[in-house]
Amino acid sequence: MAFHPVEGRVPARLCDTAETRVEMASRITCQVHDGAQVTVVRLAGTLDMISMREAYAHLERCLARQPDALVVDLAELSVREQLAVSVFAAVARHAADWPTVPLVLCAPHPDAAALLAGSTACRVVPMRDNCDEASRFAGATAVTRLRLRLDPVAAACRRARELVADACARWNLPEAVGPASVVLSELVGNVVRHAGTPMQVTVTLRRPWLHLAVVDGSSAAARPGPAGQRDEGGRGLLLVRELADRWGSAPAGDGKAVWATLPAN
């Protein structure tokens, strides 16, 4: 796999180019190859308690593009402190909630491999000997998604319900149609009412869960607001909280993603 680095710091839309190189403050470089199914990130340099924050931010920006799977190549990475490898477990936990992306590590230096083996990272993130093997494994575990771009108009909620109905029909999830339609409609309606920006709606199946997400262009956090007994609106996220098994909000590029997880029975 060929990497052609581009000098510069991480832009707001890092993964808008297929291959990017980023110089980090503590002598770490990242090269990104955004493939059709598997995105490969090659970390090089020294990982320590300072650079782990930059590495996390970089991987988080790549996850915001919602790749089907993410491989992190560690062949050129040295690890100065064992606690620093916990960044990979933290990224994996973030990816499991949103955007539901399988994460695989590969080709660590023997010293780094020993530190990884003694950490929680190896219990959370699978690891393979080389990039090709990791890419095959990641591709085999890649999730199934349906995506839709919507404008912040009243008809967006109806389109979101149609997307849920289509997804549940394809994946034979008839019992999930009702609650998932309500939840996704409320997430989209929240963007229409408050963010007012174009959005990307994603429905993802990773059994035993159905994941719903809406990415908008507003960085303002999504929080359930107080609604009076006579108010006609203001209960959307409260309804999401009641119907979903879990829900939350995460940064996504210049905006945010609001996601919810329901059982895929």
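Helices (H or I, at least four residues) and strands (E, at least two) are DSSP runs, numbered from the N terminus. By this rule, the chain has 8 helices and 11 strands. The model is predicted, so local features need pLDDT of at least 70, side-chain atom pairs count only at pLDDT 80 or more, and totals for chains, interfaces and linings use all residues. Residues are numbered from 1 along each chain as its sequence is written, and side-chain values use heavy atoms, with hydrogens and water left out.

The chain as a whole comes first. Accessible areas were computed by the Shrake-Rupley method with a 1.4 Å probe, and for residues only the protein chains shown count as cover. The accessible surface of the chain is about 12400 Å². Carbon and sulfur atoms account for 50% of that surface. A residue is called buried under 20% relative accessible area, exposed over 50%, and partly exposed in between (1.4 Å probe, protein chains only). Of the 265 residues in the chain, 50% are buried. A contact means heavy atoms within 4.5 Å. Contacts between residues at least 6 apart in sequence were considered, and 66% of them join residues at least 24 apart.

Salt bridges were examined next. Side chains of opposite charge can pair when their charged atoms come close. A salt bridge is a side-chain nitrogen of Lys or Arg within 4 Å of a carboxyl oxygen of Asp or Glu. The structure holds 10 of them. One of these pairs Asp68 with Arg147, at 4.0 Å from N to O. This pair links distant parts of the chain, 79 residues apart. Asp68 lies in the loop between helix 1 (51-63) and strand 4 (69-79), while Arg147 belongs to strand 7 (residues 144-150). Asp68 counts as buried because its relative accessible area is 18%. Arg147, at 40%, is partly exposed.

Another salt bridge lies within a helix. Arg158 and Glu162 meet at 3.0 Å, N to O. Both residues are in helix 6 (residues 155-170). They are 4 residues apart, so about one helical turn separates them. Arg158 is partly exposed at 41% relative accessibility. Glu162 is partly exposed too, with a value of 40%. Elsewhere, salt bridges that share partners join Asp68, Arg145 and Arg147 into one network.

Arg128 takes part in several features. This residue is found in strand 6 (residues 127-128). Its relative accessible area is 23%, so Arg128 counts as partly exposed. The side chain of Arg128 forms a salt bridge with Glu133 (3.9 Å, N to O). Glu133 is also partly exposed, at 29%. A charge sits over a ring if NZ of Lys or CZ of Arg is within 6 Å of the ring centre and within 35 degrees of the ring normal. The charged end of Arg128 sits over the ring of Phe137, 4.0 Å from the ring centre. Residues up to four places away in sequence were set aside in listing contacts. Arg128 then touches Val104, Leu105, Cys106, Ala107, Pro108, Glu133, Ala134 and Phe137. Cys106 is 22 residues from Arg128 in sequence. In space, the two C-alpha atoms are 4.7 Å apart.

Rings of Phe, Tyr and Trp (its six-membered ring) pair if their centres lie within 6.5 Å; planes under 30 degrees apart count as stacked, over 60 as edge-to-face and the rest as tilted. The count comes to 0 aromatic pairs.

Surface patches were then considered. Patches are made of residues with over 30% relative accessible area and no salt bridge; like charges are joined within 9 Å, and nonpolar side chains (Val, Leu, Ile, Met, Phe, Trp, Tyr) within 5 Å. Val182, Leu239 and Leu243 make a nonpolar patch of about 190 Å². Leu239 is placed in helix 8 (residues 236-243). Leu239 counts as partly exposed because its relative accessibility is 34%.

Two further residues complete the account. Ser185 is in helix 7 (residues 177-195). At 11% relative accessibility, Ser185 is buried. Leaving aside neighbours within four places in sequence, Ser185 contacts Cys157 and Arg161. Ile50 lies in the loop between strand 3 (38-47) and helix 1. With a relative accessibility of 61%, Ile50 counts as exposed. Ile50 and Ala84 are 34 residues apart along the chain. Their C-alpha atoms are separated by 8.4 Å.
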